[in-house]
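Subject: Structure handover and notes

Dear colleague,

Please find below the sequence and structure that I am passing on to you. My notes on what was found follow directly after.

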Amino acid sequence: MKIQERTGAGAGRSAAPAGPSVGERLPTPPRERKPALAALAVLLILVGALGATMLVLQAGDRIEVVKITEEIPAGQAVNDSNTTSVMVAEDPGINYVKWSQLDALKKLKAVTTIPGGVVAVGEMFGEEAKVPEGKALVGLSLKEGQYPAGLKSGATVAAYRVGGTSRSGSGDDADGGSAGSSGGDSVIVDKAVVDYVQDAKGDDLVSSTNLPVTLLVDDAQAAALTQAATNGEVALVLVPGN
């Protein structure tokens with residue numbers, strides 16, 4: 001009886017499942033595929049490629065145009081020192097002046113004062129300047145002492161008749177100098193705007209020490225100012241408003 005019980009007990013143990021051997025890996029569940037993430041990755045790649053293509057195409061549509069580097073008064077032209085080239089995106093709606101057209105542009109004049117730092121367009125230039133209604137442009141040629149130092153376009157000045165004898169009569173020969181001086185020293189224009197002034201260091205002044213200046217004045221003042229300028233009897237003074 002004892003032998004049979006032991007045998008039965010041993011048989012029960014042998015029937016139990018054996019444990020896993022040392023070093024054997026447990027099976028892993030299969031990975032779950034995520035098609036949505038894969039599609040998103042492909043979409044991002046396509047968007048990046050499209051953006052790069054657009055940049056290349058836009059770069060190909062850029063053109064070289066004229067940029068104004070210094071203020072150009074009305075009636076004056078561009079030159080090599082007040083222009084430079086710049087690349088811009090081509091736009092059929094904007095009448096850009098191409099850099100290759102610079103020589104032709106030099107033959108035209110600014111119809112109004114053009115500030116520095118802007119890109120040139122065709123509407124800024126023409127055969128002559130556009131003078132505002134009721135105004136006139138009067139050119140002067142001033143000697144040193146007849147204008148303030150550092151005079152620039154856009155400044156507000158007063159024009160005086162100085163040192164003239166054109167108003168003195170022939171019967172004033174005894175004291176013509178003093179009579180002419182007292183009669184001539186008067187205000188011609190109380191407020192005028194300097195439309196243009198030549199750079200005193202420019203090459204155009206090699207043969208002359210006179211300074212070319214153009215004033216924008218009222219029509220009614222143009223005749224008197226022109227007459228005084230012809231006689232060399234004009235002096236400019238800076239006045240409030242600058």
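A residue is called buried when its relative accessible area is under 20%, exposed when that figure is over 50%, and partly exposed in between. Leu 40, at 44% relative accessibility, therefore counts as partly exposed. Please keep in mind throughout that this is a predicted model.

Leu 40 has its place in helix H2, which covers residues 35-60. A nonpolar patch on the surface is formed by Leu 37, Leu 40, Leu 43, Leu 44 and Val 47, and together these residues have about 490 Å² of accessible area.

As for the chain as a whole, its secondary structure comes to 5 helices and 9 strands, and these follow one another along the sequence in the pattern α-α-β-β-α-β-β-β-β-α-β-β-α-β. Of the 242 residues in the chain, 28% are buried. The chain exposes about 16,400 Å², of which carbon and sulfur atoms supply 56%. Among the contacts in the chain with a separation of 6 or more, 69% are accounted for by residues 24 or more positions apart.

Asn 82 is found in the loop between strand E1 (62-68) and strand E2 (83-89), and with a relative accessible area of 6% Asn 82 is buried. The side chain of Asn 82 reaches the backbone nitrogen of Asn 79 at 2.8 Å. If residues up to four places away in sequence are not counted, Asn 82 touches Lys 67, Ile 68, Thr 69, Glu 70, Ile 72 and Ala 77.

Trp 99 lies in the loop between E2 and helix H3 (102-105), and at 29% relative accessibility Trp 99 counts as partly exposed. Leaving aside its neighbours within four places in sequence, Trp 99 is in contact with Glu 64, Val 65 and Val 66, and also with Thr 83, Thr 84 and Ser 85. Trp 99 and Val 66 are 33 residues apart along the chain, yet their C-alpha atoms are separated by 5.1 Å.

Turning to strand pairing, strand E6 (residues 156-161) pairs with strand E7 (residues 186-197) in the antiparallel sense, over 5 bridges, and within this pairing Ala 159 has Val 189 in E7 as its bridge partner. E7 also pairs with strand E8 (residues 211-218), again in the antiparallel sense, over 4 bridges.

The salt bridges come to a count of 4. One of them joins the side chains of Lys 135 and Asp 218, at 2.6 Å from N to O. Lys 135 lies in strand E5 (residues 135-142) and Asp 218 in strand E8, so this pair ties together parts that are 83 residues apart in sequence. Lys 135 is partly exposed, with a relative accessible area of 32%, and Asp 218 is likewise partly exposed, with a relative accessible area of 32%.

Glu 233 lies in the loop between helix H5 (219-230) and strand E9 (234-238), whereas Arg 161 lies in strand E6, so the pair ties together parts that are 72 residues apart in sequence. Glu 233 counts as buried, at 7% relative accessibility, and Arg 161 is also buried, at 4%.

Salt bridges that share partners also join Asp 80, Asp 103 and Lys 106 into one network. Asp 103 is exposed, with a relative accessible area of 56%, while Lys 106 counts as partly exposed, at 29% relative accessibility.

With kind regards

Conventions
Residues are numbered from 1 along each chain as its sequence is written. This is a predicted model: local features need pLDDT of at least 70, side-chain atom pairs count only at pLDDT 80 or more; totals for chains, interfaces and linings use all residues. Side-chain values use heavy atoms; hydrogens and water are left out. Helices (H or I, at least four residues) and strands (E, at least two) are DSSP runs, numbered from the N terminus. Buried means under 20% relative accessible area, exposed over 50%, partly exposed in between (1.4 Å probe, protein chains only). A polar contact is a pair of N or O atoms within 3.5 Å; within protein, one must be able to donate a hydrogen and the other to accept it, and residues adjacent in sequence count only if both atoms are side-chain atoms. Contact means heavy atoms within 4.5 Å. Patches are made of residues with over 30% relative accessible area and no salt bridge: like charges are joined within 9 Å, nonpolar side chains (Val, Leu, Ile, Met, Phe, Trp, Tyr) within 5 Å. Accessible areas come from the Shrake-Rupley method with a 1.4 Å probe; for residues, only the protein chains shown count as cover. Two strands pair if DSSP finds at least two bridges between them.
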